[in-house]
Amino acid sequence: MSRARRRLLPYALLSPGLLWLVVFFAVPLYYMAEISLKTGTLETGYQFTWHFKTYTDAISNYQDQLLRSFWYAGLATVIALVIAFPLAYVIAFRGGKYKNALLLLVILPFFITYLVRTLSWQTILDDDGWVVDFLKTIGLLGENGRLLATRTAVVAGITYNFLPFMILPVYAALERVDPRMLEAAYDLYAKRRDVVMRVVVPAATPGIVAGVLLTFIPAAGDFVNAELLGTPQQSMIGNVIQSRYLEITDYPTAAALSFILMAIILVLVLVYARFVGTESLTGADEAR
Amino acid sequence: MEAATAPRRSRAAEPALVRGGRRVMNGALNLYAALALIYLLVPVAIILLFSFNDTKSRFNFIWQGFTLDHWKEPFKFKDLTDALVTSIQVATLATIVATLLGTLMALALVRYQFRGRSTTNLFIFIPLATPEVVLGASLLSLFISVGFARGFVSILIAHVMFSVSFVVVTVRSRLIGFDRSIEEAAQDLGANGLQTFFRVTLPLIAPAVVAAALLTFALSIDDFVITNFNAGSTVTYPLYIWGAARVSIPPQVNVLAAMIFLFTVAMMIFTVWQQRRAERLAAVRPTEA
C-alpha cells in the first residue's frame, strides 16, 4: 500500500458512518435551531424572524415541567445507585461461578419492550392490585390512597426502566478489582467501612460516573413513564416536547424546549466532566 | 481470580460477637441484593403471567383466571402482527447498515493516528449523551424542513443514526485489547491487506461485531421515542402498543412480548453455550507463553 493511500485509509473507513451522523444528527440540529426561531402556525406557514422570545416564553411557561424533569431524574438516579451498588458488589465479589447467570438476570428486563415493561407497572400498582391492598392493610396507604397516577409511580417507573444502566457499569468497574486487595486491606486491620470507602468505592467510581450519566440523561428526557403511570400533574419536559411537536404542532416551542433540555444536560455533563475528566467520560482514553 | 482461592485471613481470633455481627451483615447484604433482583424481575414475571390471563374486559390489568386461548391465537390481531413484522424488517436492515458503518469507524479510530481523531471520538459520543426526545425532535425538524415524507425509510434512517455510536463503542472496546502481532505474522507469511482483514482480523473481532449487531437489533425493535417522531403513518410494534395503551391492550401484546422474550433468552443461552464450546476446543490446542 502506498503512503498516500495509507494516510487516507482511516478517513475512508470513517466517512460513511460519519456522513450518516452529520446528515442525520448534526444537520437536523441546525434545522431544529432554525425552526425554534420562526414564528407562525402550521396553517399560515412559518417565517424565520429570529424570534428568541420563544425561548424565554418556553422557560417561563414550562419551568414547572423542566424543574420536575431534573428533580425526578435526579431522584431516580440516586435511588438506582442505592439499589445498584450493593447488587453489583454482591455479583462481583460473591457471584463466584454464578456471575454470568446473575448478570443475565439483570438484563432480562431488556428482553421485553420498554413500553410493555412500563405497562406492567400499571398492573402492579393498580388500585385493585395486591400491592395497594397490602399497603392499605399495613396502614401505609389511606383508604382512598392510590399508587397509580402519583409521583411515586412515575419515579418508580423511571428508576425501574433505567436501573440496569446503573448496575452494569458499576459491576464492570467492581469486577476489575482483585479480591486480594480486599483481603490485604482486612489483613492490615481495616474495618469493613474503611474497606468499602477506601478500596471498593474508589474502584467503582468510573462505573458510577458512567452509570449516573446513563441513567440521568435518558431519565431527564423521558415522557413514557409520566404518560403511562402519572397524570398531567407529573408531566415532564419530554411530555411537553412530544405533544407540542406531534399533537399541537407548535413546532417553534417544541424545538426551543428541545434545545433548552439539551443545553441544561450539556452544562450538567460538562460540570460533571470537570470532576472526572473528558477522556474517561467518552471511554476514548483506552484507545491509546 | 476467584475469591475462594485468595488467601483468607484467619478470623478465629475474633470475638464471637464481632463474628456474629459480620455474619448478620453478610446475610443482610445478600438479602438486599436478592430483593433488588426481585424488583427487576417482578414486572417480567407479571408480563409472562398475564399472557395467560382470561381477561374479559378491554384492559388486561386484573387477574381473572388461567387460559391458553391467547397463546393459541398469537396473531389474532392483524394490526399488531403487521406492526411486529414492520419492526423486524426495520431492525434487520438497521442492524446490517449500522453494524457495517460502526465497525469501519471503530477500526479507523483504534488502528490509525490521524488528524481529528479525538474530535471524532467526541462527536460519536454526543448522540449517546443526547436524550432520545431531542434526537427524535431534531430529525423530525430536518424531515419537515426539507419536505421528506415520513414512513419506513425515515424510521430506518433514524434507527441507523442512533445505533451507530453504540456499535462503535462496542467494537472499539474489543479492538483495544487486540494483539497486532497476529496480523503482522499473517502479513509476514505473505497475506495481503484484504486477506489479513478477512481471515485474521474479522474472525478475531467477530464476537464484538456480533454483540454490536445484537445490541442494534434490540435497540431498534425496542425503540419508541425516536420512532414516534419520525414514523408518519407507519406503525411499528412499540407504536402499536402506545396507541393501544389509550384504548385497550389485547393479551396478544403479552403473548408476543413473551415469545420475543423466550426467543431472546434461548439465543443468549445458545450463544454462551457455543462460546464455552469454542473455548473448550481452543484449550485443546497448545498455547505458547
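This is a predicted model: local features need pLDDT of at least 70, side-chain atom pairs count only at pLDDT 80 or more; totals for chains, interfaces and linings use all residues.
Chain A has 288 residues, of which 43% count as buried. Among the contacts in chain A with a separation of 6 or more, 69% link residues 24 or more positions apart.

Turning to the interface, 79 residues of chain A are in contact with 80 residues of chain B. On the chain A side, helix α1 (residues 3–36) gives the most, with 18 residues. Sorted by class, the side of chain A that touches chain B holds 59 nonpolar, 12 polar and eight charged residues.

One helix pair across the two chains can be followed in detail. Two packed helices are described by the angle between their axes and the distance between the axes. Helix α5 (residues 114–124) of chain A packs against helix α1 (residues 16–50) of chain B at an angle of about 85°, and their axes lie 9 Å apart. Because angles of 65 to 115 degrees count as roughly perpendicular, α5(A) and α1(B) are roughly perpendicular to each other. Residues making this contact include A:Trp121 and A:Ile124 of α5(A), together with B:Ile46 and B:Phe50 of α1(B). The contact of α5(A) with α1(B) has eight nonpolar, two polar and one charged residues.

Within chain B, helix α4 (residues 117–125) has B:Thr120, B:Asn121 and B:Ile124 buried. These three residues lie on the same side of α4(B), because they cover an arc of only 105° around the axis.

How values were computed: Residues are numbered from 1 along each chain as its sequence is written. Chains are lettered from A and ligands numbered from 1 in the order in which they are written. Two residues are in contact if their C-beta atoms, placed from the backbone, lie within 7 Å. Helices (H or I, at least four residues) and strands (E, at least two) are DSSP runs, numbered from the N terminus. Ala, Val, Leu, Ile, Met, Phe, Trp, Tyr, Cys and Pro count as nonpolar, Asp, Glu, Lys and Arg as charged, and the others, Gly among them, as polar. A residue is buried if 20 or more other C-beta atoms lie within 10 Å of its own, exposed if 12 or fewer, and partly exposed in between; C-beta atoms are placed from the backbone. The arc is that of the directions from the helix axis to the C-beta atoms. Axes are lines fitted to C-alpha atoms, for helices over the stretch in contact, and angles run from 0 to 180 degrees between N-to-C directions. Angles under 35 degrees count as roughly parallel, over 145 as roughly antiparallel, 65 to 115 as roughly perpendicular and the rest as oblique.
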